[in-house]
Amino acid sequence: KQWYQRRVREGKLGSPEKPLSDLGLVSYRSYWKDKLLEYFLTYNEPEITIKHISQTLGFNPYDIVSTLQAYGMIKYHKSTHFILKRPEMLSAYKRKQTSVSSLPCRTIDMSRLKWTPPHQRKY
């Protein structure tokens, strides 16, 4: 799922091939939920838009909305959608990150990635 970071660099949005299997949907939804919660913890502006989330994370807006719906984090009222920052979910995510952060894991250092999107290459 690190390819999302590459898509952000390209200025494009990404989404897995559809249709997803049941297990694939569970896996991606869990990943999207974690990334959305991480985003909510660091984003301090008074308004959050699906467009901004999409551009920041590289996720397809449909995937964002369906994930927010699945976890009860979006509400529709008077023809307007409201994104809900659910404190209990944010707290659980913080606890999970604290316990997981002590475990060794492999990460990609995006500053070391030497890659140019095809449309920007000079031949």
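The axes themselves are lines fitted to C-alpha atoms, for helices over the stretch in contact, and the angles run from 0 to 180 degrees between N-to-C directions. The model is predicted, so local features are reported at pLDDT of at least 70 and side-chain atom pairs at pLDDT 80 or more, while totals for chains, interfaces and linings use all residues. Residues are numbered from 1 along each chain as its sequence is written, and side-chain values use heavy atoms, with hydrogens and water left out.

The chain contains five helices and two strands; helices (H or I, at least four residues) and strands (E, at least two) are DSSP runs numbered from the N terminus. Along the sequence these elements are arranged in the pattern α-α-α-α-β-β-α. Along the principal axes, the C-alpha atoms fill a box of roughly 50 × 40 × 35 Å. Of the 123 residues, 26% count as buried, a term that denotes under 20% relative accessible area, with exposed meaning over 50% and partly exposed in between (1.4 Å probe, protein chains only). Contacts are defined by heavy atoms within 4.5 Å. Among the contacts with a separation of 6 or more, 60% are made by residues 24 or more positions apart.

Two helix pairs involving helix 2 were examined. Two packed helices are described by the angle between their axes and the distance between the axes. For helix 2 (residues 22–42) and helix 5 (residues 87–100), the axes come within 10 Å and cross at roughly 100 degrees. Helix 2 and helix 5 are therefore roughly perpendicular to each other. The residues of helix 2 that take part are Lys 33, Asp 34, Leu 37, Glu 38, Phe 40 and Leu 41, which meet Met 89, Leu 90, Tyr 93, Lys 94 and Lys 96 of helix 5. By class, this contact has six nonpolar, no polar and five charged residues; Ala, Val, Leu, Ile, Met, Phe, Trp, Tyr, Cys and Pro count as nonpolar, Asp, Glu, Lys and Arg as charged, and the others, Gly among them, as polar.

Asp 34 lies in helix 2 and is buried, with a relative accessible area of 16%. When residues up to four places away in sequence are not counted, Asp 34 touches Tyr 93 and Lys 96. With Lys 96, the side chain of Asp 34 makes a polar contact to the side chain at 2.7 Å. A polar contact is a pair of N or O atoms within 3.5 Å; within protein, one must be able to donate a hydrogen and the other to accept it, and residues adjacent in sequence count only if both atoms are side-chain atoms. The C-alpha atom of Asp 34 is separated by 20 Å from that of Glu 47, 13 residues apart along the chain.

Helix 2 also packs with helix 4 (residues 61–70), at an angle of about 90 degrees and with the axes 10 Å apart. These two helices are therefore roughly perpendicular to each other. Arg 29, Trp 32, Lys 33, Leu 36 and Phe 40 in helix 2 meet Asp 63, Ile 64, Ser 66, Thr 67, Leu 68 and Ala 70 in helix 4. The contact comprises six nonpolar, two polar and three charged residues. The buried residues of helix 4 are Asp 63, Ile 64, Ser 66, Thr 67 and Leu 68, and they pack against helix 2, helix 3, strand 1 and strand 2. At the N-terminal end, helix 4 is capped by Asn 60, a side-chain oxygen of which lies 2.7 Å from the backbone nitrogen of Tyr 62. Just after helix 4, Gly 72 takes a positive phi of about 65 degrees.

In helix 3 (residues 50–57), Ile 53, Ser 54 and Leu 57 are buried. They cover an arc of only 100 degrees around the axis, which puts them on the same side of helix 3; the arc is that of the directions from the helix axis to the C-beta atoms.

Several backbone features occur in loops. Most residues other than glycine have a negative phi, and most peptide bonds are trans. The peptide bond from Lys 18 to Pro 19 is cis, with omega near 0 degrees, and Pro 19 is placed in the loop between helix 1 (3–10) and helix 2. Lys 78, in the loop between strand 1 (74–77) and strand 2 (80–83), has a positive phi near 50 degrees and is exposed, with a relative accessible area of 69%. Ser 79 is found in the loop between strand 1 and strand 2; its phi is positive, about 60 degrees, and Ser 79 is exposed at a relative accessible area of 60%.

Key
Parallel < 35°, antiparallel > 145°, perpendicular 65-115°, else oblique.
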